[in-house]
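Please find below a report on one structure, written to be read beside the model itself. The headings go from the metal sites to the ligand site and then to details of the backbone.

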Amino acid sequence: MSDDSYQIKKRTGEVLFREGDLADCAYIVEEGCVEVSVAREDTQVVLAELGPGEILGEMAVIDQFNRTATAIVTADCRLTVVTPSQIRQRIVDADPVVHSLIEILLRRYRSELTRAGGIPVEAASAFVFHSRGIQKIRLENELMRALETGDIKVVYQPIRRLKDGIICGFEALVRWDHPKRGTIPPEELISLAEETDLIVPLGLHVFEVAVRDRGVLRAACSPGPFMSVNVSAKLTCDQAFLDQAGDICRRTGETPQEIMLELTESSSVDVQRLGEWVVSAKDMGFQITVDDFGTGYASLEYLTRLAPNVLKIDQRFVRPIVEDPRTAAVLLRVVQMARDLGVQVIAEGAESPQHVRMLEEVGCEMAQGYEIGRPVTRMECLALLRP
Ligand code: C2E
Ligand code: CA
Ligand code: CA
């Protein structure tokens, strides 16, 4: 007896599902009681008695196996029907580690059930080996080790001042050459580190290496270039990170005035709190750059609220300027707006001599891109600085 497709009522003795049935839904018990049992030789072995607030039938919906137990109503029931899409899509969308753990636990439980029934089962460990979530945990452990062994490297991409062609700064970019997987893209490395607290030691490691390397460049070519360091959205708003960054500058004898902190727009960051963090960073002497300008939802708000020293225009507003007059017009207006606000502009993605020429024409102060130089090691930076 069914009320609607979302809630059903069942009388004592009715069967909700039997072992071997295809699974089309799970149930939440709202009222009444359901007994779950499995057939063992000639008898039914009761696994559970489920009452209000409990869920049943979800296992087969998650792993799309047939039912491995039978559910019979033992006291008149009202049940909420849970559709496969309500469960599966959430599991698909879940963090891969959580996803893998659910699948592993299910597999282990099923294997126990079949073993108890005398049926041989495939080893659960075979699944564990290939699971994406488990690979991720391994990678996290390898990242922790790489941080300790110094396998995380930093390379530097030159930034050119357009009025005199001098290399005036570098952007520090993290690199991880994994012994088995090869180079791990920095975006993957950063998002992996952001999922755990590893982003704190990783961010500080890159910062310290970059600041020390700036010291080496300054000693070789005084006054030396500025150093721009990307700060993960997870570390902006973190006062402890700023304090430790300040300590690193003191220990290495580098002045924060020559260090730029590059912030990228992120929906997870509260702009009000970020504004307070930026004020604190500026009080310590750091320069602030708004990175990837034009790509996020809060670009203009970042410009008004954070009052950055530098604006970095994202590559996608720079690369097309040669052939697309509309993008060129947008770039020109952004440069003019920045000038009105007293903010310097770095254009990213300068890939050809035409790009550099056009950037100069629109009044952009600095440019970065493959035409000026790809990311290089500290030793190679020295060669770029010496005329
Ligand atoms: P980003 O901060 O926008 O860095 C610029 C990226 O564009 C770099 O890629 C750089 O190699 C690339 N690039 C530079 N010039 C050109 C060009 O002319 N054409 C093209 N097509 N690409 C160019 P990379 O090193 O792969 O870094 C990717 C992103 O990873 C960075 O984007 C940044 O968001 C993140 N990242 C890298 N290192 C760090 C780090 O130490 N900390 C944090 N939080 N993020 C980092
Ligand atoms: Ca950047
Ligand atoms: Ca950028």
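## Calcium ion (ligand 3)

Along the sequence, the residues that donate to the calcium ion (ligand 3) are spaced D-D-x55-E, and these donors are Asp-291 (OD), Asp-292 (OD), Glu-348 (OE) and Glu-348 (OE), at 2.2 to 2.6 Å. Distant parts of the chain are linked by the pair Asp-291, in strand β12 (residues 287–293), and Glu-348, in strand β14 (residues 344–348), which are 57 residues apart. Donors are here N, O and S atoms within 2.8 Å of the metal, or within 3.2 Å for Na, K and Ca, and water is not among the atoms, so sites may look incomplete. Strands (E, at least two residues) and helices (H or I, at least four) are DSSP runs, numbered from the N terminus.

This is a predicted model, in which local features need pLDDT of at least 70 and side-chain atom pairs count only at pLDDT 80 or more, while totals for chains, interfaces and linings use all residues. Residues are numbered from 1 along each chain as its sequence is written, chains are lettered from A and ligands numbered from 1 in the order in which they are written, and side-chain values use heavy atoms, with hydrogens and water left out.

Because Asn-230 lies in strand β10 (residues 226–231) and Asp-291 in strand β12, the pair ties together parts that are 61 residues apart in sequence. Asp-291 also coordinates the calcium ion (ligand 3), and the two calcium ions, ligand 2 and ligand 3, are 3.9 Å apart.

## The site of ligand 1

Ligand 1 is surrounded by 22 residues, of which the closest are Gln-157, Arg-175, Gln-315, Glu-351 and Tyr-370; a residue belongs to these surroundings if one of its heavy atoms lies within 4 Å. β8 (167–178), α6 (186–195) and β12 each supply at least two residues of this shell, and β8 gives the most, with four residues.

An N or O atom in the side chain of Arg-175 is 2.8 Å from an oxygen atom of ligand 1, a polar backbone atom of Ser-232 is 3.5 Å from a nitrogen atom of ligand 1, and an oxygen atom of ligand 1 lies 3.2 Å from a polar side-chain atom of Asp-291. Taken alone, ligand 1 exposes 810 Å², and the protein buries 83% of that, with areas from the Shrake-Rupley method and a 1.4 Å probe.

## Backbone details

Most residues other than glycine have a negative phi, and most peptide bonds are trans. Asp-292, which lies in strand β12, has a positive phi near 55°. Glu-41 also has a positive phi, near 50°; Glu-41 is placed in the loop between β3 (26–40) and β4 (43–50) and counts as exposed, at 83% relative accessibility.

The peptide bond from Ser-222 to Pro-223 is cis, with omega near 5°. Pro-223 is found in the loop between α7 (199–220) and β10 and is exposed, with a relative accessible area of 64%. From C-alpha to C-alpha, Pro-223 and Glu-365 are 19 Å apart in space, and in sequence they are 142 residues apart.

## A further loop residue

Thr-255 is located in the loop between α8 (239–252) and β11 (259–264), and at 39% relative accessibility Thr-255 counts as partly exposed. Thr-255 and Gly-215 are 40 residues apart in sequence, and their C-alpha atoms are 9.6 Å apart in space.

Notes:
A polar contact is a pair of N or O atoms within 3.5 Å; within protein, one must be able to donate a hydrogen and the other to accept it, and residues adjacent in sequence count only if both atoms are side-chain atoms. Buried means under 20% relative accessible area, exposed over 50%, partly exposed in between (1.4 Å probe, protein chains only).
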